[in-house]
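Reader: Please take a close look at the inside of this model. Then go on to what surrounds it.

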Amino acid sequence: MSVIPGRDLVSTINRLFDRSIGAADLSPHVRGKLLRQQLDSVGRMMPALVVASLVVMVTVLALTWQTAMFLPLLAVGGVMALIGLHSVSLTVDWRRRQVSVRPPASASRSVIYAAVLGTLWGVVLTVLPLEQDGTMRGVAALGVSGLLCIAMMALVNYPQALAALALPMVLGGLAAMLGLSSTLDTWMHSALLIGLTLIMAVIARHHAAAFVAHRGAEALVREKGEIIGLLLREFEQGATEWIWGFDAGGAINSMSAGFTAATGVSEGALKGADFVDFLRCITPPNDPLLIHLERDIAGRQAFHNVELRVTADGRECWWSLTGKPAFDEAGSYTGYVGAGADVTERKAAEQRIALLAHHDAMTGLLNRTKFTEQLNSCVARLERYGTAFSVLFIDLDQFRAVNDKRGHMAGDRLLVQVAKRMQAMVRGTDFVARLGGDDFAIILPNDGNVDSASGLATRLIEQIGHPYLLDGEPVSIGVSIGIAIAPLNGSRPDQILRHADMALNRAKAEGGSVFRFFENQMDAEARQRRVLEVELRDALHKHELVLYYQPVVSASDESPIGFEALIRWNHPSRGLVPPAEFIPIAEQSGLIVEIGDWTIQQACMAAASWPEHLGVAVNVSPNQFHRSDIAIIVQRALAVSGLAPERLEIEITEGLLLEKPDEVIEKLSEIRALGVAIAMDDFGTGQASLAHLTAFPFDKIKIDRAFVGASDDDAVTRDILKAIAALGKTLGLTIAAEGVETKAQADFLSAIACQQLQGFYFSRPLDSMDLPHYLLTHVLTQAPALKAAAEAKLAGLAG
């Protein structure tokens, strides 16, 4: 067997480096993952190192212009540029193709490229005329220092490459200095270079060791978690769940006893059988869910809770299957592992419930609730598998005339006959529903073909148009149909329904007894909404979102005690956009988490510069609260800003307590443990109860502005406000009122023991330009009184 020269030496050097940074004790699988992360880190920083090298080289070329050294140095610079471009292109290509396993040669190539780059610089330093040219000497010193610093930042996570680059560069620098006149400066510079290089090596070693420890621990935890998760599923779910697996060729190679019991086939007969073929044998022909499952397996995609109707052990039952692809330590596909459960009893119960709760009592068709559920299922399949479907909205023409002339009983009998004709004209997999009155709808779940939808619509118009017998007399009606096809005419349930309804309205406007497809025209509101969402995604990064601060004053003397942070969007063309216009878009698009976290951070930074007795309140939306790790966000904002926790107040709405209350209270407790106050905002507008107020010790409740505005001339509202104030006093809560716009309102709220007030009567929300003036005129003028009060308090404590 041939031996590649130098391979043993390279392996020995790699082992020494691994031992020095703690990577030698890792398993080969974990070490392989760590190496990929190291190479990814080098790939991300390599462009910076290349650019730095070229900048220094261009400077050197400028100083050697029209000298004999220019062309050789230009050639060296070209080699550096080629190395850089090649390494950058490889990195870009890996990322574009999302390659998770880098080629084995990547590690060696990184070290070789680094060594070549370092050697070229070492050679350049030895040939430059440093002794004759002071400018060249300065450029060389600064260039080498800068390149070493940048190299350390770029290659610190992969010390082999860092050493390969830095060592020849440092040696070249030493050789260049020793080639100068033997002076004290020369020896001092040489000693300084050696010392700094040693320090750099120590720092690089410690950083690389920390990187290895962190990444290695992450990989081990993730790997063990996956194994434990699969092993525990069978025990956690009980006897109805079982484990299965098959190899890269699809042959079943592992199963639990539950799997053989569910199938009624022995382990010997199952082992080695093709998993997908086995499922085909026990499921109905052309089962769409099995077809989609086969596509997932062919694409090596995980699938979750796929429910199949099967015939196993001589009986018809339902299975729920979950599986994920498996890969070995080298990243090669080895098959699938998964779990399954017999859900026959649950499906039977669901069918019984559906029959009672999801069908129209008169016609036996699906009702609106079930229709919406089936529509949502079709949309889910569309999102996951791209399965198109059609929706037909149906409205009976002249039905009201029949109903009015012959009475409701006759009208009901007519609807029953119409429903039977509709049901007779669709396939078993289609869904027919009565939405109410004489409105019907049909879903073709796996059929987005225009010809199929139009053919069905034509047959419906013809068959429903045939006369009916009511009380021995013939009665004729017509039918109008609107059709929307997903995803051609929309991919959201509300969008599809709206478009089908628009098509139905067009059919009725044209006289009825016709069908019309939706024409793809978007209204101005929908278009504007999409534009706003796109612009909002960039608004935060373009610093277009700003915070305004509205003062909160003491009800006793109207002195400021803090501010509420209110977000605004300073749109470049629309001007100041209020939150009511863009917050709903942020909620639907998921941007609310990033925007909300930014708001907390910015509010804390601003409050940290105010006088210490002023606090800041930030409202947290339910979506942000549930989707963000809110306690960590608050803790980070306090740490970065240096703001005392007791000066921050987090406001939540009543509705937040209605969904997952235990989880909400746990998160609120984490925030409270930081020393941050919790307030219930818009109290009285939602469905909060005394149980919610006592379940968590709120610090404050804020009365909604709707009550404050109505208190001027509504005695009932005033009584409600008095009751809320009394409730707050009983529970020991601070009572605040927002939306105060008149002196009469302020006086009334103060009289009923509201401690804090907020509204336009005291001040509008202030931007960053107006806030300093407000602080100067309303806060700093109170400084002597505040100081005297503090001194009196200290004196009382001392006494």
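Author: A nonpolar core is a set of buried Ala, Val, Leu, Ile, Met, Phe, Trp, Tyr and Cys residues joined through side-chain atoms within 4.5 Å. Buried means under 20% relative accessible area, exposed means over 50%, and partly exposed is in between (1.4 Å probe, protein chains only). The model is predicted, so local features need pLDDT of at least 70 and side-chain atom pairs count only at pLDDT 80 or more, while totals for chains, interfaces and linings use all residues. Residues are numbered from 1 along each chain as its sequence is written, and side-chain values use heavy atoms, with hydrogens and water left out.

The largest nonpolar core has 78 residues, and those that touch the most other members are Leu 536, Leu 545, Trp 610, Leu 648, Phe 698, Leu 749 and Leu 757. Helix α20, residues 592-607, gives nine residues to this core, the most of any contributor. (Helices, H or I with at least four residues, and strands, E with at least two, are DSSP runs numbered from the N terminus.) Another core lies apart from the largest one; it has 45 residues, among them Val 139, Val 144, Val 156 and Ala 176.

Lys 702 forms a salt bridge with Glu 651, and their closest N and O atoms are 3.0 Å apart. (A salt bridge is a side-chain nitrogen of Lys or Arg within 4 Å of a carboxyl oxygen of Asp or Glu.) Lys 702 is in strand β19, residues 700-703, and Glu 651 is in strand β17, residues 648-653, so the pair ties together parts that are 51 residues apart in sequence. Lys 702 is buried, at 2% relative accessible area, and Glu 651 is buried as well, at 0%.

A second pair is Arg 672 with Asp 699, whose side chains meet in a salt bridge of 3.2 Å, N to O. Arg 672 belongs to helix α23, while Asp 699 sits in the loop between α24 (690-695) and β19, so this pair ties together parts 27 residues apart in sequence. Arg 672 is partly exposed at 30% relative accessible area, and Asp 699 is partly exposed at 25%. Salt bridges with shared partners also join Glu 564, Glu 651, Lys 702 and Glu 738 into one network.

Elsewhere, Arg 309 forms a salt bridge with Glu 316, with 3.2 Å between the closest N and O atoms. Arg 309 counts as partly exposed, at 33% relative accessibility. A search of the whole structure finds 26 salt bridges. Side chains of opposite charge can pair when their charged atoms come close.

Now the surface. Leu 192, Leu 196, Ile 199 and Ile 203 form a nonpolar surface patch with about 390 Å² of accessible area together. (Patches are made of residues with over 30% relative accessible area and no salt bridge; like charges are joined within 9 Å, and nonpolar side chains, Val, Leu, Ile, Met, Phe, Trp or Tyr, within 5 Å.

Ala 486 and Pro 487 are joined by a cis peptide bond, with omega at about 5°. Pro 487 is found in the loop between β11 (478-486) and α17 (493-509). Arg 300 has phi near 55°, a positive value in a residue other than glycine. Arg 300 is placed in the loop between α11 (288-298) and β3 (303-312), and is partly exposed with a relative accessible area of 43%. Gln 398 has phi near 65°, also positive in a residue other than glycine. Gln 398 is in the loop between β6 (389-397) and α14 (399-406), and at 48% relative accessibility counts as partly exposed.

Val 276, in helix α10 (residues 275-282), is buried at 14% relative accessibility. Val 276 and Gly 250 are 26 residues apart in sequence, and their C-alpha atoms are 7.3 Å apart in space. Glu 241, in strand β1 (residues 241-246), is buried at 9%. The C-alpha atoms of Glu 241 and Ala 262 are separated by 9.4 Å, with the residues 21 apart along the chain.

Key. Accessible areas come from the Shrake-Rupley method with a 1.4 Å probe; for residues, only the protein chains shown count as cover.
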